[in-house]
Amino acid sequence: MSFRWLSRPNASSGMGVADHTKNTFLELKRKKVHRYVIFKVDEAKKEVVVEKTGGPAESYEDFTAALPENDCRYAVYDYDFVTSDNCQKSKIFFIAWAPSSSRIRAKMLYATSRDRFRRELDGVHYEIQATDPTEMDLEVIKDRAH
C-alpha cells in the first residue's frame, strides 16, 4: 500500500487571505463591532473569506448555531467576562471547526491552511480545534479564559 499522495506538495499552501477578511477581524478586535466572525475557504479564489459576522449582542449559542453541521470553518469569537476581582476582560478565541461528518477533502484543506491563516490574525489569545460541539462548549471557553 502506497501513501505517496501524503508527500505531494501542499496544494493549498498558496491559500491567500482577502483584505476584507483581515479588516473584519480588526473590527472585531479593535472596534468590537462583531461578537464573532466565521470564515470559509473559497476554493475557486484560493483564499479565506468572511462567511458571516455576528453583532455585539449575539450570544455564544447564536455563534455555535451559525457553524455548519457538516462542513469545516474557521472562526473567531470575542468572549467577554468579569474576573474574580470584578474586572471586565475580553479574550479572542480562534476556533478551527472540523466536524467528523465533514468531507475528508475539506478537513485536509482546512488543516493545511490553518497555520498560515492563523498567523494573519494578530491578537488571538487562545486556539481551539473542535470536531464536535462538546469540544468548544461555552464551559470550555470559560475554563480557558479564566
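This is a predicted model: local features need pLDDT of at least 70, side-chain atom pairs count only at pLDDT 80 or more; totals for chains, interfaces and linings use all residues.
Is Asp71 buried, partly exposed or exposed? At 23% relative accessibility, Asp71 counts as partly exposed, because burial would call for a value under 20%.

The side chain of Asp71 meets that of Arg73 in a salt bridge, with 3.2 Å from N to O. Arg73 itself is buried, at a relative accessible area of 8%. So this salt bridge joins a partly exposed residue, Asp71, to a buried one, Arg73.

Strand S4 covers residues 73-82, and it takes us on to strand S2, residues 36-42. The two strands run antiparallel and are joined by 4 bridges; in one of these pairings, Phe39 has Tyr74 of S4 as its bridge partner. S2 also runs antiparallel to strand S3, residues 47-54, with 7 bridges between them. Here Val37 is partnered by Thr53 in S3. The hairpin of S2 and S3 has 4 residues between the strands, and Lys46 takes a positive phi near 55 degrees there. Of the 7 residues of S2, 6 are buried, so the strand is largely enclosed by the rest of the structure.

The structure holds 12 aromatic pairs. One of them brings Phe94 and Phe117 together in a tilted arrangement, 6.1 Å centre to centre and with 55 degrees between the planes. Phe94 belongs to strand S5 (residues 88-97) and Phe117 to helix H3 (residues 104-120), so this pair ties together parts that are 23 residues apart in sequence.

Now back to charged side chains. In total, the structure holds 12 salt bridges. One of them pairs Lys32 with Asp78 at 2.8 Å, N to O. This pair links distant parts of the chain, 46 residues apart: Lys32 sits in the loop between helix H1 (19-31) and S2, while Asp78 lies in strand S4. Lys32 is partly exposed at 37% relative accessibility, whereas Asp78 is buried at 1%.

Our last stop is a network of salt bridges that links Arg114, Asp115, Arg118 and Glu127. Within it, the side chains of Glu127 and Arg118 meet at 3.4 Å, N to O. Glu127 counts as partly exposed, at 27% relative accessibility.

Conventions
Residues are numbered from 1 along each chain as its sequence is written. Side-chain values use heavy atoms; hydrogens and water are left out. Rings of Phe, Tyr and Trp (its six-membered ring) pair if their centres lie within 6.5 Å; planes under 30 degrees apart count as stacked, over 60 as edge-to-face and the rest as tilted. Buried means under 20% relative accessible area, exposed over 50%, partly exposed in between (1.4 Å probe, protein chains only). Two strands pair if DSSP finds at least two bridges between them. A salt bridge is a side-chain nitrogen of Lys or Arg within 4 Å of a carboxyl oxygen of Asp or Glu.
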